[in-house]
Every structure is written in C-alpha cells, then in structure tokens.
Amino acid sequence: MTSWEDEKDRRNRQALTRLTKSLPSIFPPFVLARALGRPFIPPTPRLAIDSYWRAHPIRSDRLARALATRGGAPNGWTWQLGSNRRAGLPTTFRTPPAPYRERAYTRGAGFCCVCGQPVYRFGWHVDLWNAGANKNANWHCACVIAWEFWNAPSGEALLLRRLQARRCAQTGRRLWKSAEVDHRIPLFRVWKEYRDTPWPKLLDFWGSPNLQVINRDAHVAKSALEARDRRATYPLETELT
Ligand SMILES: [Zn+2]
C-alpha cells in the first residue's frame with residue numbers, strides 16, 4: 001500500500017470512530033449507508049446529512065418545495081424586489097422569492113429561512129428524535145442545497161443532462177459538450193407574467209420543472225426570440241437586473 005492509501009485509511013478509521021461516537025440510535029439509514037460508502041467518511045452526523053443532500057440536488061429541490069407548501073406564504077406577503085439589503089428583499093428577479101428570508105417575515109431561530117418550516121437536529125426536516133426545533137439552525141441541510149441549485153442550476157448540468165438521456169430538450173438531438181442549462185420559461189417572464197402565482201408554487205420556476213439542458217445553438221436562437229418578444233412586449237423597460 002502506498003503511504004497515501006495508508007493516510008486515507010488512517011483518516012477514515014478516525015472519521016468512523018468519531019461518527020460512531022456521535023451517532024444517535026435513530027438516524028436515517030440511507031444517509032448512514034451513503035456516508036459509510038464514501039471515499040472519505042464524514043466524521044459527524046451533520047456532515048453525513050450534508051453530504052447526502054449535496055449528492056442529491058434534485059431530491060433537495062423537490063423536498064424544499066414540498067416543505068414550503070406546508071405553511072405557504074406569510075399573510076400579506078407579495079413578491080417584491082428591493083435595493084435595501086437589510087430588508088432582505090431580492091435585488092433581482094433572478095433570485096428565487098423567499099419570504100422567510102425577508103426581515104419582515106422571518107420566523108427566527110429554529111425555522112428554515114427557505115421553506116419556513118421547523119429545522120430539527122442535524123438540520124434534518126423531521127423530528128426523528130423528538131427533541132423539538134433546533135434553535136441554532138435556520139436552514140435545513142436539504143434547503144441549503146436546493147437554494148444553491150435554484151441560484152446556479154448550471155452547476156448541476158451533468159446531472160440534468162443525464163436525466164434527459166443526453167438529448168437536447170429543444171431539438172431532441174444529442175447534447176453537445178457545450179450544451180447549456182436553460183429556464184424553459186425565462187425568469188424575466190416569470191417576473192412579468194407569473195408574479196402573482198402563489199408562493200411556493202412560484203419556486204417551481206427555479207426548480208427542476210422549469211429547467212432543461214439545450215444545445216448552444218438552440219439556446220442562442222431561443223434567447224434571441226425571447227429578447228425580441230421582450231422588446232415587443234415591454235418596450236419601455238430599462239435594461240434588466
Ligand atoms: Zn427548509
């Protein structure tokens with residue numbers, strides 16, 4: 001064995017000891033199974049959960065949207081943009097609307113700022129341990145990953161390509177290496193035409209239901225058409241955020 005493999009082995013034994021020590025008797029078995037199968041075993045239950053969701057961005061996206069439907073939007077909330085950072089309003093329509101991230105509607109410690117639901121031990125979304133909300137947390141591990149995915153879906157291009165069986169969603173042809181992730185309904189239209197969609201249904205426009213991978217040439221053509229429609233429909237609009 002090379003010294004590198006020795007070192008890896010040593011680190012994994014240490015990580016496994018730490019993980020076993022801190023692992024509660026109840027723990028999601030699929031998360032544990034994945035953690036133990038990693039080339040580097042996560043040394044804490046929290047990191048094991050984080051690593052699980054990180055490997056499953058689409059599942060995180062679905063879960064975050066499903067959790068958000070439990071409470072819906074706070075009374076009186078509407079999707080607004082703003083430039084006051086402290087108010088927590090998004091500055092551009094490209095950011096997914098998240099009422100519970102806004103200062104006026106935040107639910108405080110123990111609640112997730114993405115979906116608005118209680119966060120439990122290890123950032124889990126179910127209180128498997130009957131321990132109540134985790135007052136030190138304001139994100140679910142899954143919602144962190146969903147949030148990253150909604151804001152930068154291109155980061156998961158490989159996964160999205162696989163889900164489309166490597167076919168261009170626009171032309172049905174084989175996807176080239178240069179293919180790009182695209183919002184079927186572009187976000188400027190979401191802001192212009194679908195702004196009153198109830199939250200969290202709005203989030204579908206950032207999630208997998210509105211994402212596709214298309215070849216670069218199809219993307220260029222689609223974007224040109226969208227820009228033309230946009231100029232025709234909203235001629236007075238200043239150039240966009
Ligand atoms: Zn959440």
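This briefing walks through a zinc site, some aromatic pairs, a nonpolar core and one histidine. Keep in mind that the model is predicted. The zinc ion is held by Cys-112, Cys-115, His-140 and Cys-143, and a search of the whole structure turns up 14 aromatic pairs. There is also a largest nonpolar core with 54 residues.

**The zinc site**

- Start with the atoms that touch the metal: the zinc ion is coordinated by SG of Cys-112, SG of Cys-115, ND1 of His-140 and SG of Cys-143, at 2.1 to 2.3 Å.
- Which geometry does the site of the zinc ion have? It is tetrahedral, with angles of 96 to 120 degrees among the 4 donor atoms.
- If you follow the chain, the donors of the zinc ion are spaced as C-x2-C-x24-H-x2-C.
- Cys-112 has 1% relative accessibility, so it counts as buried, because buried means under 20%.
- Cys-115 counts as buried too, at 1% relative accessibility.

**Aromatic pairs and a cluster**

- From the 14 aromatic pairs found in the whole structure, take Trp-4 and Phe-40: this pair is tilted, with 6.2 Å centre to centre and 55 degrees between the planes.
- Find Trp-4 in helix H1 (residues 3-22) and Phe-40 in the loop between helix H2 (29-36) and helix H3 (45-55); the pair links distant parts of the chain, 36 residues apart.
- Now turn to Trp-77 and Trp-199: their ring centres are 6.5 Å apart and their planes are at 65 degrees, so the pair is edge-to-face.
- Trp-77 lies in the loop between helix H4 (57-71) and helix H5 (141-151), while Trp-199 lies in the loop between helix H7 (187-193) and strand S2 (211-214), so this pair ties together parts that are 122 residues apart in sequence.
- Trp-77 is buried, with a relative accessible area of 11%, and Trp-199 counts as buried at 6% relative accessibility.
- One aromatic cluster is formed by Phe-30, Tyr-52, Trp-53 and Trp-124.

**Charges over rings**

- Arg-230 lies over the face of Phe-188, at 4.0 Å from the ring centre.

**The nonpolar core**

- Which residues touch the most other members of the largest nonpolar core? They are Ile-49, Trp-53, Trp-79 and Trp-150, out of 54 residues.
- The elements that give two or more residues to this core are H2, H3, H4, H5, helix H6 (157-163), H7 and S2.
- H5 provides the largest share of this core, with 8 residues.
- Look around Ile-49 and, leaving aside neighbours within four places in sequence, you will see contacts with Phe-27, Val-31, Phe-122, Trp-124 and Cys-141.

**A closer look at His-219**

- Where is His-219 found? Look in helix H8 (residues 216-233).
- His-219 counts as buried, at 13% relative accessibility.
- Not counting residues up to four places away in sequence, His-219 touches Glu-180, Val-181, Asp-182 and Ile-214.

Conventions. Residues numbered from 1 in each chain as written. Predicted model: local features only at pLDDT ≥ 70, side-chain atom pairs only at ≥ 80, totals over all residues. Heavy atoms only, no water. Donors = N, O, S within 2.8 Å, 3.2 Å for Na, K, Ca; no water. Tetrahedral: all angles 85-135°; square planar, octahedral: opposite > 155°, others 65-115°. Buried < 20%, exposed > 50% of the residue type's maximum accessible area, 1.4 Å probe, protein only. Phe/Tyr/Trp six-rings, centres within 6.5 Å; stacked < 30°, edge-to-face > 60°. Helix = DSSP H or I, 4+ residues; strand = E, 2+ residues; numbered from the N terminus. Lys NZ or Arg CZ within 6 Å of the ring centre and 35° of its normal. Contact = heavy atoms within 4.5 Å. Core = buried A, V, L, I, M, F, W, Y, C linked by side-chain atoms within 4.5 Å.
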